[in-house]
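Reader: Please take me through the local features of this structure, one question at a time. Keep each answer brief and end on what was asked.

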Amino acid sequence: MSNKIATAGNMGKKVRSDCFVTLELKDSGGISIEQKSKVQVMYGESNKKLCEDILSFFKIKNAQLTIEDSGALPLVIAARIEAAVKELIDTDKEYLFDIIEENKYTSEKEQFRFSRLYLPGNTPSMMLNAGIHEPNGIILDLEDSVAFNKKKEAQLLVRNALRGINFYGAERMVRINQFPKGLEDIKYLIPHNVHMLLVPKCEGADQIKQLEAKIDELKKQHNVERPIYLMPIIESALGVEKAFEIATASENVVAMAIGLEDYTADLGARRTNEAVESFYARTRMVNACKAARIQAIDSVFSDVGDMDALRENVKTSKGLGFEGMGCIHPRQIKVIHESFAPEAAEIEKAKKIVNAFIDATEKGLGVVSLGTKMIDPPVVKRAEKTINLAISLGLISENWREEFLHEQAG
Amino acid sequence: MSKLVKNAVGRMVPTEINGKEVIPFKGIGKHRPSGRKYAPPIPTVIDYPEDGNKVIGSLKEALQKCGLKDGMTISTHHHLRNGDLVSNTIFDTAAELGVKDLVWFPSASFPCNEPIIKHLESGVVNRIEGSMNGPLGRFVSQGKMKGTAVLRSHGGRVQAIQDGEVQIDIAILAAPSSDAFGNGNALNGPSACGVLGYATADFRYADKVIVVTDNLVDFPNMPMEIEGNYVDYVVVVDKIGIPEKIVSGTTQITKSPDRLLIAELTARFLQESEILKDGCYMQAGAGGTSLAIGHYVHQILKEKGWKSKLGFGGSTKYMVQMLEEGTMEHIMDAQAFDLDAVASIDKNKNHHQYPVFNAYNYHSKGNLTSMMDIMILGATEVDVNFNGNVVTHSDGYLLHGIGGWQNCLHAKNVILPIPLFRDRIPVIKDEVTTICGPGEMIDIIVTERGIAINPKRKDLIEKMKDSKLPIKTIEELKAEAEAICGPSQKPQLSDEIVAAIKWVDGTVIDVVRKVVD
């Protein structure tokens, strides 16, 4: 072995909830663990035990391990140590904590995807409280927000986060790296209840197909039965041209997003607030999505301080047919939800459909109809979601049906 | 060491501190004082210049003329905050004069007071009775201070002075402006800080009073917040403070999404519970989360066309904005946190200077804070019995003062908006490291993961039973934090007592013990 020292993690004045580990393998002398921790008094003992356990798991008998800890949770410390170990030792073993009960939920094809919050994949402090802001989805990002030399440790951190961090019901998404590098990411994701993969800079159906093949292989290997959904991101002129092909590449492609930073760069145009330069791309993409019966998702709005401009932006976006948008700051979530919220007419229609469905169920009818029109189950489902969303946004009360029936009668 | 007894919150406390007898905490409203207030010696104008000019050559000369000697108690005030240049100079001068065993009685200390450590080490200063943070707190926690520290609230400090529990030999008042007679205020001059609320009790009760200013103005210096009739000497120096460290040029609403969420939950709770109402009295601090709560409350009041009758300072530009936009009728202020607030005192007639800290005094004829509807406070820890800690961290180190915290607990609705954990340090414990406030006085804890209502507030629990807000029990919140952070060890503490925590009535509610490293 030529290189016997490895490091992983982050340190510095602004770093929180993370640690920086330095591992040096030795020929003799046993295990020596040194901790510099701001929570030493409270967690010094348990952290030491964790370190010993991980080293013994990887059959390391002689080493010096130094941890500079800024309040990292065990799942973070473990990811960092494992990353350092894997720099030095070739092994397929994985040091895993049990997946917490709260993380065992699944997601559905049809669910609302108004907001998805990007979380840099190597920054634990941003992951811990992401779920409390109630985005529809969280995205653990392995791509642009992770430095090139940190890609491997981010894979392990994201894996541990998927198992151990409670995202409070948000759809669990990961943005993998650009094809074909992203193919290496997914073995850290598929066995850990990832719901959806975001496929950046997607430029053709073949990429989706190759990715699917790899996913299927892993699913089989790990007995994963539920579908892993895909959201390709169109970020180039070629991607835009191939939008429909990508949207229909697999039944697991349930939504498609556009990334305007890279797209405008590819065009050689400047990205403006009015977004005239990307008008074609956006409408073309929306059309492809609608033709493929999947959700069209808009790019992020990068001025996190300007909520009014964001609100305007979402309105335009909704007007073009988009059904969701990326967020880079938790404060954007509420604005996005409010702006994508169903309008009064939409809610009224949903009330009628759901009411008809309840009626039919009560009467034991297999078919739901509204007037002379038959209603398909997905439409009912969607209407139910509209109602639930309207309730959660406080637009209608939980007892809406009583009021609805009352109005009908009156 | 004196014997230890168990006080009314179950903590073992001594009956004697620094050689003086003390009373263990008996419960809220249980201790009744007796006797008469303390009084300083009677002065006579015979000893003071007829032309009213009390200016003297130097601080050293003033201290000598005040008869500075071993064992004296010296009081100072923290209105110059981290820009204070006077306090350290006093003890440097005392060291030069070879004086020992002084008691420093500041209204609070700041990181800029770190140089006092060398005087604690050399024996010039025996102990600090007052808040201490940062390096001083660490020094005390490690058991390095000769005497035992005594921590009091702002109101408790006034009570201790008034009752003669602390007898100030020399009060030294840094004044942003003063005339030669000693009339001082904080409205003008390079170190203008708005108000001098901490100092009033001191100049009234101290044996000797020295005003130190860098801005000597003509008589009469109006308004006279420091009344020259109480002043012995006026010392003029080049600089009493570093302006940019005195008032934060501007206070800022938090940008942290998690804290904003806590603030929003707090405001929604206040609205739904109808604690927030037209004409309510409110107080919130200058921390980022408190400011955000103020901002949301301002929005709600505006929407409803309501108005808060009264806001208690420390004031900030956000409070001033409420005053100017008509959602607050009066500000009563003992300290100004930013430049906009300083300017407002001069500009707005309903922005009143008011020695709030005297009004916090529990041994007086009415408690101002018990009139407040909304009281937003912080804490380093709370426990499942709602007891609160503001002075020590979970590692046992003494790192904050009490400030007005204990006094403010008397409000009708005490709300603590706090994160459930900070960098893996859970805030809700089985037992707080140090009890600064009994749980029966803390009503609501708002965290980013849920809101706990004190079980004794049956009215609030009933009112909020159908709320969509995440109302949980405090045990549930604690379990949630523990599930995330993991079980923690307790700090190792020795038996040695390094500090006593006084309750607002002068009794001892808890002690701080030396940390074993």
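Reader: Is A:Asn223 buried or exposed, by its relative accessibility?

Author: This is a predicted model. The relative accessibility of A:Asn223 is 68%. The cut-off for exposed is over 50%, so A:Asn223 counts as exposed.

Reader: Where in chain A does A:Asn223 lie?

Author: A:Asn223 has phi near 55°, a positive value in a residue other than glycine. A:Asn223 lies in the loop of chain A between α6 (205-221) and β9 (229-234).

Reader: B:Arg81 also has a phi value to report; is B:Arg81 buried or exposed?

Author: Phi of B:Arg81 is near 45°, which is positive although the residue is not glycine. B:Arg81 lies in the loop between β6 (73-76) and α2 (86-96) of chain B. Its relative accessibility is 11%. Buried means under 20%, so B:Arg81 counts as buried.

Reader: How many aromatic pairs does a search of the whole structure find?

Author: The search covers all chains. Ring centres must lie within 6.5 Å to pair. The number of aromatic pairs found is ten.

Reader: What kind of aromatic pair do A:Tyr95 and A:Phe97 form?

Author: The centres of A:Tyr95 and A:Phe97 are 5.8 Å apart, with 90° between the planes. An angle over 60 degrees counts as edge-to-face. A:Tyr95 is buried at 9% relative accessible area, whereas A:Phe97 is partly exposed at 29%. The pair formed by A:Tyr95 and A:Phe97 is edge-to-face.

Reader: Why is the pair of B:Phe25 and B:Trp503 edge-to-face?

Author: The ring centres of B:Phe25 and B:Trp503 are 5.8 Å apart. Planes over 60 degrees apart count as edge-to-face. The pair is edge-to-face because the planes of B:Phe25 and B:Trp503 are at 70°.

Reader: How many residues apart in sequence are the parts that this pair ties together?

Author: B:Phe25 and B:Trp503 are both buried. B:Phe25 lies in the loop between β4 (20-21) and β5 (55-56) of chain B, and B:Trp503 in the loop between β29 (493-502) and β30 (508-515). The pair therefore ties together parts of chain B whose separation in sequence is 478 residues.

Reader: Which residues do ring pairs link into a cluster?

Author: The cluster includes A:Tyr95 and A:Phe97, the edge-to-face pair described above.

Reader: Over the face of which residue does B:Arg424 lie?

Author: Within chain B, B:Arg138 lies over the face of B:Tyr397, at 4.0 Å from the ring centre. B:Arg424 instead lies over a ring of chain A, at 3.7 Å from the ring centre. That residue is A:Tyr43.

Reader: Which residues make the nonpolar surface patch of about 200 Å²?

Author: One of them, B:Leu216, is found in the loop between β13 (208-213) and β14 (233-236) of chain B. At 40% relative accessibility B:Leu216 counts as partly exposed. The patch is made by B:Val55, B:Leu216 and B:Val236.

Reader: Which residue does a cis peptide bond join to B:Pro223?

Author: B:Pro223 lies in the loop between β13 and β14 of chain B. Omega of the cis bond is about -10°. The residue joined to B:Pro223 is B:Met222.

Reader: What is omega for the cis peptide bond between A:Phe179 and A:Pro180?

Author: A:Pro180 is found in the loop between β7 (171-175) and α5 (182-185) of chain A. For the bond joining A:Phe179 and A:Pro180, omega is about 0°.

Methods
Residues numbered from 1 in each chain as written. Chains lettered and ligands numbered in written order. Predicted model: local features only at pLDDT ≥ 70, side-chain atom pairs only at ≥ 80, totals over all residues. Heavy atoms only, no water. Phe/Tyr/Trp six-rings, centres within 6.5 Å; stacked < 30°, edge-to-face > 60°. Buried < 20%, exposed > 50% of the residue type's maximum accessible area, 1.4 Å probe, protein only. Helix = DSSP H or I, 4+ residues; strand = E, 2+ residues; numbered from the N terminus. Lys NZ or Arg CZ within 6 Å of the ring centre and 35° of its normal. Patch = residues over 30% accessible without salt bridge, like charges linked within 9 Å, V, L, I, M, F, W, Y side chains within 5 Å. Areas by Shrake-Rupley, 256 points an atom, 1.4 Å probe, with all protein chains shown as cover. Salt bridge = Lys/Arg side-chain N within 4 Å of Asp/Glu carboxyl O.
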